[in-house]
Structure formats: C-alpha cells, structure tokens
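Reader: I am new to this structure and would like to learn how to read a loop residue and a helix in it. Could you take me through them slowly?

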Amino acid sequence: MRKIVCCVLCAGILLPLTAAVGCSSPRKRDGYVMNLEYFPEERKLTAEATLTLSNRTDTELGELKFQLWANAYREGAKYAPVSQLYESKAYYNGKSYGGITIASVTGGTFAVTGEDANILTVKPSSPLYPDEQITLGMQFEVDLAQINHRLGVGEHNVNLAHFYPIPCFYGQSGYEEYVYTPTGDPFVNECMDFDVTLTVPENYTAVYNGTGECVAQNGKKAYHIIAENVRDTAIVLGTELKSVTATADGVPVEYYYFSDAAPEASLKAATESLAYYAKTFGAYTYPRYTVVETDFPYGGMEYSGMAMIASDLSSTEIPTVIAHETAHQWWYGMVGSNQYCSSWQDEGLAEFSTALFFGAHPSYGVTYENAVAASEKSYRAFFSVYSQINGEANTKMNRPLTSFTGDYEYRNIAYDKGVILFSRLKSVLGEKKFFAGLKRYAEQYRGKLATQENMISCFTAAGGNAEGVFTSFTEGLCVI
C-alpha cells in the first residue's frame with residue numbers, strides 16, 4: 001500500500017539534556033541522548049548531547065578518544081570522502097565543504113587531534129577505571145557540504161550519518177585512530193543505545209533506524225527516535241519522500257523513495273531478502289527494517305536496521321543492492337567486525353549471501369552459480385591486469401583500507417574474492433556444516449565485534465575444518 005509519510009500529533013517528547021560526569025551502578029549499556037536541530041538555510045546541524053561510556057578494558061583510561069568522521073568533509077582534509085573517480089558524481093554543484101565544531105565537553109578537557117583532525121581526545125576529570133562508566137556532556141555543530149554522500153546535503157535529500165563523535169575502536173594496543181577512506185567503510189563501532197530528538201522544518205520527512213514518533217507545532221516537526229543495541233544512528237531528511245510498506249515474517253518493512261518507478265518491486269526485494277536471511281542465518285533482531293532511496297555516489301550503504309540505496313540505480317541493479325545491504329543487517333549490524341582491517345569479513349559475506357538469496361529466488365533471473373562465476377571472472381581479470389602492470393598482485397585480504405590502490409582493487413579483494421572464499425568453504429565443508437557454522441557465528445557474536453579466528457571457531461564447532469581455507473585465501477596463498 002502506498003502512503004504519504006505524516007507526523008503523529010502527540011505531546012511532550014522533547015527531553016532535557018544534562019551534562020554530568022561520574023560512575024553509575026549498575027552499569028547500563030553505553031549510549032547517546034541527543035537533541036538535534038537542522039537549519040536548511042545554513043546547512044547546519046546543531047547538537048546537545050550526553051554520552052554514557054564504559055571502560056571495557058583491563059586498564060585505567062586517562063583519556064577517551066572519538067572519531068570525528070564529519071571532518072573528512074572539511075576544506076583541506078588530507079583524506080577526502082570520495083575518490084577522484086566519484087568526485088563529479090558526488091559534488092553535484094562543484095566542490096563544497098563541511099565539518100564538525102566541538103563547542104564544549106563537560107567533565108574534562110578536550111582537544112581535536114589526529115592525523116587529519118579526525119580525533120576528539122577527552123581527558124576526564126579523573127581516570128576511568130575498568131568496568132566503570134562515565135557520562136559526558138557535549139555541544140557541537142556540523143556544517144554540511146553539498147554532496148551526495150553519507151553525510152551532506154544531496155540533490156534531493158539530506159543524509160545524516162556519522163555526524164557525531166563516535167568512540168574509537170579499542171584494540172590490543174589501545175585506541176585505534178582510523179582515518180577516513182574513500183574506498184570502503186572505515187567504521188568499527190560497538191553497539192550502543194541512541195535516544196535522539198531531531199527538530200526540522202515542517203516540510204521535511206525524517207527516515208531513521210529504530211522506532212519513533214513525531215510532534216508537529218509552530219512550523220516545525222520534532223522526531224523522537226529510539227534505537228537500541230545498534231552500531232549507529234542514521235537519518236535521511238527529504239521533502240519529496242513517499243513510502244510503501246509490508247512485513248517479513250512479522251517484521252515491519254518500509255521503503256521510502258522519491259523517483260523509483262517501481263517501488264513495490266523494491267519493497268519486495270527488501271521483504272524477501274530479509275525473510276530469507278532470517279531463515280538461513282537466524283532471527284532478525286531489530287524492531288523494523290527501513291530502506292530509503294537517497295542521494296549517494298555508490299550502490300548503497302548499511303546501518304543497523306536501515307539501508308540507503310542510490311537514486312541512480314537501474315531497475316535491474318536495485319534488487320541486487322537491496323539484497324546486499326539487507327545481508328549487512330546480519331554481517332555488520334548484528335555481527336560486527338573490523339571493516340577497516342578485514343573488510344572482506346562483512347563485505348564478502350554480504351555479497352555471498354546475496355548470491356545465496358538469488359539462488360533461492362529464481363524470479364530475479366540470477367542463479368547462485370552465475371553469481372559466483374561472475375565474481376570469479378572479475379577477480380581473475382583483476383589478478384591478470386595487476387600482475388601484468390605491477391609484476392605482482394597483492395591478494396592478501398586482511399589489510400587496512402588505506403593499502404588499497406583504489407575502488408577496483410578493493411572491490412575485487414573484499415567483495416569478489418570474499419564470495420569465492422565462502423563458496424569454496426561451502427563446497428569443502430558441505431552445506432550442512434557450512435550453514436550450521438554460519439548460524440553459530442550469527443548467534444554467538446550477535447552484538448559483538450568478531451575476528452577471523454572467531455569465525456573459524458564457529459565452523460570448527462560445526463564439525464568443519466575451515467582454518468586452511470581461510471588462511472590460504474586471506475594470506476594470499478591460494479591460486480584462483
């Protein structure tokens with residue numbers, strides 16, 4: 001059924017925000033409470049926020065670090081948000097710039113640091129000891145570039161993703177200060193809770209992950225959004241958005257669009273893929289699933305409980321992109337991994353899951369065998385070209401995103417070689433052990449960040465000898 005998105009008139013959802021520092025007991029899940037307002041004339045997002053953060057390490061923390069992904073859009077950034085290949089597509093009105101300004105942090109001193117002004121370092125008033133929590137107050141503003149991208153004012157919509165200070169990944173050597181990369185997704189996020197109140201002009205509709213309601217008054221709308229146990233909060237604002245809705249095994253599925261000529265077909269791809277993955281990998285745990293057509297230079301982008309798809313996709317590309325981004329609800333959303341250093345672990349598995357979905361749904365005109373064969377053909381062509389040009393091709397899969405020479409190499413290593421890895425593994429283990437291992441992986445590491453070793457252990461527990469296959473692929477030892 002097609003409907004125009006509207007606001008529900010209800011009372012009193014705006015939450016007061018306080019800034020305080022201290023430890024709380026018993027410990028609750030980490031999370032943000034944010035009060036946001038978007039000003040379209042200035043292309044500005046203002047924010048007052050409180051963040052509850054835990055020390056899950058075994059050492060005291062004298063400083064806390066956060067990724068400032070919004071600063072990748074500022075003028076003079078060392079690491080641009082898009083490659084030269086996609087610049088003209090992304091910057092539809094010529095070069096435009098943005099960035100984040102931190103006005104205050106309550107509970108300690110702060111500085112913007114990092115290789116590319118990409119890190120917020122906060123020194124709390126007293127050290128944060130293991131298993132303790134701290135609550136910080138923050139005020140910041142985000143200037144939005146005119147760009148078709150994850151964060152910015154696009155030609156039709158406003159995309160708000162990775163706009164807030166995000167806790168840095170804490171690895172074996174401490175905080176990892178990752179830089180933005182135009183290739184791949186440099187985001188490594190632990191699960192958190194988000195309680196967001198967003199005020200926008202009344203002609204805007206907000207599409208978001210999680211659940212929410214809306215108050216309309218005095219020429220504005222205030223959305224109150226709750227997203228629990230998710231890796232991120234993301235919002236798309238638009239003045240032209242319409243929607244169609246359905247369910248997948250009881251889960252509400254919504255598709256928002258402004259130019260899609262066949263929205264029901266796109267919704268069908270979302271519902272069928274969500275239902276198939278739930279049956280194949282394990283239950284979908286978010287309260288609803290939302291897909292939104294928006295301004296984006298690549299095929300699509302995943303968030304917990306939500307996916308963006310690019311508005312310039314052809315009718316034949318849309319099902320593939322939706323199926324891929326829906327697979328990310330398992331392999332990124334529910335089960336996380338280090339996308340910066342092991343991008344194949346979610347991208348390769350999501351692409352392979354797409355092949356499985358098409359194999360089980362012949363009406364889309366793509367067989368599992370053809371999808372795998374296409375990845376093999378692409379990878380072999382890449383290997384041949386790079387070997388001839390460079391004398392060799394770096395086929396290692398566990399490598400930082402900054403090591404890739406561009407989109408072509410990244411695509412073939414993370415996506416295509418990832419598909420080949422999982423297809424070989426299925427052949428070696430047999431379907432019963434393979435799918436038992438994947439289900440175990442989905443269940444055991446839900447809400448966590450999993451490593452390659454964690455993945456291998458799940459297949460081993462299912463009765464399969466998977467280590468040799470993984471090692472030969474990820475270390476670049478096998479010949480394909």
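Author: Helices (H or I, at least four residues) and strands (E, at least two) are DSSP runs, numbered from the N terminus. This is a predicted model, in which local features need pLDDT of at least 70 and side-chain atom pairs count only at pLDDT 80 or more, while totals for chains, interfaces and linings use all residues. Residues are numbered from 1 along each chain as its sequence is written, and side-chain values use heavy atoms, with hydrogens and water left out.

Reader: Where is Asn 55 placed, and is Asn 55 buried or exposed?

Author: Buried means under 20% relative accessible area, exposed over 50%, and partly exposed in between (1.4 Å probe, protein chains only). Asn 55 sits in the loop between strand S3 (44-54) and strand S4 (64-67), and with a relative accessible area of 0% Asn 55 is buried.

Reader: What does the side chain of Asn 55 make a polar contact with?

Author: A polar contact is a pair of N or O atoms within 3.5 Å; within protein, one must be able to donate a hydrogen and the other to accept it, and residues adjacent in sequence count only if both atoms are side-chain atoms. The side chain of Asn 55 makes such a contact with the side chain of Thr 57 (2.6 Å), and the side chain of Asn 55 also reaches the backbone oxygen of Thr 59 at 2.9 Å.

Reader: Which residues of H7 are buried?

Author: In helix H7 (residues 431-444), which has 14 residues, the buried ones are Phe 434, Phe 435, Gly 437, Leu 438, Tyr 441 and Ala 442. On the other side of H7, Lys 432 and Glu 443 are exposed.

Conventions:
Expected span 1.5 Å × (residues − 1).
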